[in-house]
Amino acid sequence: MLNKGIPSACLMLFLCLLVTVHGVKGDVSYSVLEEMKRGYVIGNIGKDLGLNVKELSARKARIDAEGNRKRFCNINVGTGDLIVAEIMDRESLCREKVSCILKFELVLENPLELHKMSLHVQDINDNSPMFSKEVVKLEISESAEKGARFRMSEAHDGDIGQNAVQNYVLERNEHFVLAVSSNKNGRKTLELVLDKKLDREQQQELTLILTAIDGGIPPRSGSVQIHVTVLDANDNAPAFTEEVYRATLPENSPVGTLVMKVSATDLDEGINGEVTYEFSRASSLEKNVFALDSNTGKITVSGPIDFEDESIYEIRVEGKDGSGLSSDTKVIIELTDVNDNIPEIFLKSLNSHIPENAPPGTEIGIINVQDRDSESNGEVRCVIGSNVPFKLVPSIKKYYSLVSTGELDREVQYDYNITITATDEGTPSLSSSKIVHLTVADVNDNPPVFLQQSYRAHITENNKSGSPICTVSATDPDWRQNGTVNYALYPGDVDGTPVSSLLSINGDTGAILAVRSFDYEKLKSFKVHVIARDNGSPPLSSNVTVSVMITDENDNTPQILYPAAEGNSLMTEMVPKAVQANSLVSKVIAVDADSGQNAWLSYHIVKATDPGLFTIGTHSGEIRTQRDISENDGMKQNLIVSVKDNGQTPLSATCTVFLLISDNLAEIPELKDSGSKLTTYLIIALVSVSTFFLTFIIIIFAVKFCHRRKPRLLFDGAVAIPSAYLPPNYADVDGTGTLRSVRSAYNYDAYLTTGSRTSDFKFVRSYNDGTLPAGMTLRKTSSQDPFGPCDETESSQLNIF
């Protein structure tokens, strides 16, 4: 670090030389002084490369260091400034190398772009010169002649260049001066020169101070004390067998491994010829990894040695005899690389969520593979596991792009664990693996699918509003909102009625409810369409048809069509006295608006004047005699008939059938008074108008003739039902007594003869040739008019009002 006492002018000079920028083929180079604080701006790399701030941020600009070096600088993507991230000590990074260059890479993505960057760490004068010993002991013979030279070890300064040792100063004394010379390599040789002969008898020991001064501003210095002992003469210095010793050593050699042996000889005898060895110039790192035996000159491994940390060592070894004469030699130790580092896999960028519609070739991530070993030991091959739709594409240097190779489908597989394996080319090879987890992000690519192709629902009529009908369900294999299904009714109408006024649907559950009550007799079935739509963007949908069947309920009472009361008039059927057992005398006709079993009608006589005389067909409604009519049977027979349907809770209706057992209208009590009046009128007419007498006689004979023919014409065939009692669009089917709607009704011919307001004769004949009229209908009402003329031979039914 710079001393606090630096003059302002000197500090300004340093800052002027602080940063330089050089562009070389698109790459950049910067210079910075060591020991600068974190956050110090080295330069603006964005401007130097022509990149704006938005582009740096969007392309994820970052600084990557080679190997496992610390990342001493970083980039501020907000400004484009290259700043100091870690304090740099040039001496620990590059030791005594003249040039200290750190290699970095600026990485940009989308597309991948790589810029090499060199950072030159400039030396500052932050180290003082240091001698290897605090006290140097010299033993010099008093016989040494003036001009004798005694070599001194150089001082070591961790700085380089101008900041390294530039000068040496020897404390003023009367016997020695300092001679400094430089060799062709620029190294300085220090020698103490005897300027005045020593006299052991006058002074046996001398103490000198040697100071080394560097060229920094301000300069730093270091001193060593030289203790001179005056001895008898020693005129030969040790001489090494080699000027330079070289050795090759595999890295990771164990402690104690012999590296080499240095050897020096001294022609002197005795103590003056005994040579000892020591490191004369070695850094603390070199002293930590190597040891020198002072007696034998053997250099052995004393600590861990790693090729990746330092590949070559240069050490100065000094040989000194017993009298203090010495010489030195250079020892160069080169390390050979061993494949001792496994490849390392770094995920520089990774998009862990991939849309399933990403096209093949989409770049997912950037992978960097590094191996600190050299040559083939550092060559790395990188592969990924099989059976995955991804591959590694070599990009720049040791970078790979992880790209997709096929279409992805989240509904088939929603995530992948990709194993990336890096293997070097060493012997034996080393490898490492890294698992990358990728998730496939959902895209709305599946429409909802109904569980059924169509739905049929049944609901009973007269339902309550809000009654459930059915529930439709659709599934969507997409994720979250893309797979959330909502339901809706397709707009439309049923026979002019909007669907929304018939049904409603729960948008979340698909439950369909009735909006109103249904009437089977008006609407038996209808179809609606349900749409299932997901919540994707854009949404996808599908539809299904729902057929709603309305079930009949027994909510209609049977309707009796015949006999039917018209006002206060009652319809009466005439039954001849000669009717035999099981003869058809009348028929009850009823209909029911319901359907199915709710419309199956049954007929029962609930009350009768003579319970054993007549019976009714349970399903046909035909009234027949159970036995022959006798003289004891009453003329008037009243039957109360119940018509009941077959519903779960049966409904019924009743009617009264009036039967009149008689062969002659004159026998009817209600007609006796009218007959007397008629006779009186006829006599008066005969007396008054004699011309009509003959006509009256003819009419009397005709009536009697009809009376004689009548009994054998009435007893077989069906009873003809007047068309006036048949409702439109109904017909009797299979004699069941239930009328069904048909396009054409039975046809009847009606003949009407009216004599006066008090008499009405109606003649009815069926188109069925095998059926003769057998019944008479009597309608009773008040009237004062006498009967008009009647032809008994042609009358089969008589209505009397």
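**View 1. The disulfide of the structure.** The structure, which is a predicted model, holds one disulfide. This disulfide is formed by C94 and C100, whose sulfur atoms lie 1.9 Å apart. Because the torsion about the S-S bond of C94 and C100 is about 65 degrees, the disulfide is right-handed. Both cysteines, C94 and C100, are buried.

**View 2. Two further cysteines, C73 and C382.** C73 has a relative accessibility of 0% and therefore counts as buried. C382, with a relative accessible area of 10%, is buried because the cut-off for that class is under 20%.

**View 3. The largest nonpolar core.** This core has 30 residues, and the residues with the most contacts inside it are M88, F104 and M117. Among the elements that give two or more residues to this core are the strands β2 (27-33), β7 (101-108) and β8 (113-122), together with the helices α2 (45-49) and α4 (90-94). Apart from this core lies another one, of 29 residues, which includes Y487, I512, Y520 and V548.

**View 4. The surroundings of F104.** When residues up to four places away in sequence are not counted, F104 touches I63, D64, A65, K70, R71, F72 and C73, and it also touches H115, K116, M117 and L119.

**View 5. R220, a buried arginine without a salt bridge.** R220 lies in the loop that runs between β14 (205-214) and β15 (221-231). Although R220 is buried, it has no salt bridge, and the nearest side chain of opposite charge, that of D214, is 5.3 Å away. A polar atom of the R220 side chain does, however, lie 2.9 Å from the backbone oxygen of N125.

Methods:
Residues are numbered from 1 along each chain as its sequence is written. This is a predicted model: local features need pLDDT of at least 70, side-chain atom pairs count only at pLDDT 80 or more; totals for chains, interfaces and linings use all residues. Side-chain values use heavy atoms; hydrogens and water are left out. A nonpolar core is a set of buried Ala, Val, Leu, Ile, Met, Phe, Trp, Tyr and Cys residues joined through side-chain atoms within 4.5 Å. Buried means under 20% relative accessible area, exposed over 50%, partly exposed in between (1.4 Å probe, protein chains only). Helices (H or I, at least four residues) and strands (E, at least two) are DSSP runs, numbered from the N terminus. Contact means heavy atoms within 4.5 Å. Lys and Arg count as positive and Asp and Glu as negative; His and the chain ends are not counted. A salt bridge is a side-chain nitrogen of Lys or Arg within 4 Å of a carboxyl oxygen of Asp or Glu. A polar contact is a pair of N or O atoms within 3.5 Å; within protein, one must be able to donate a hydrogen and the other to accept it, and residues adjacent in sequence count only if both atoms are side-chain atoms. A disulfide is a pair of cysteine sulfur atoms within 2.5 Å.
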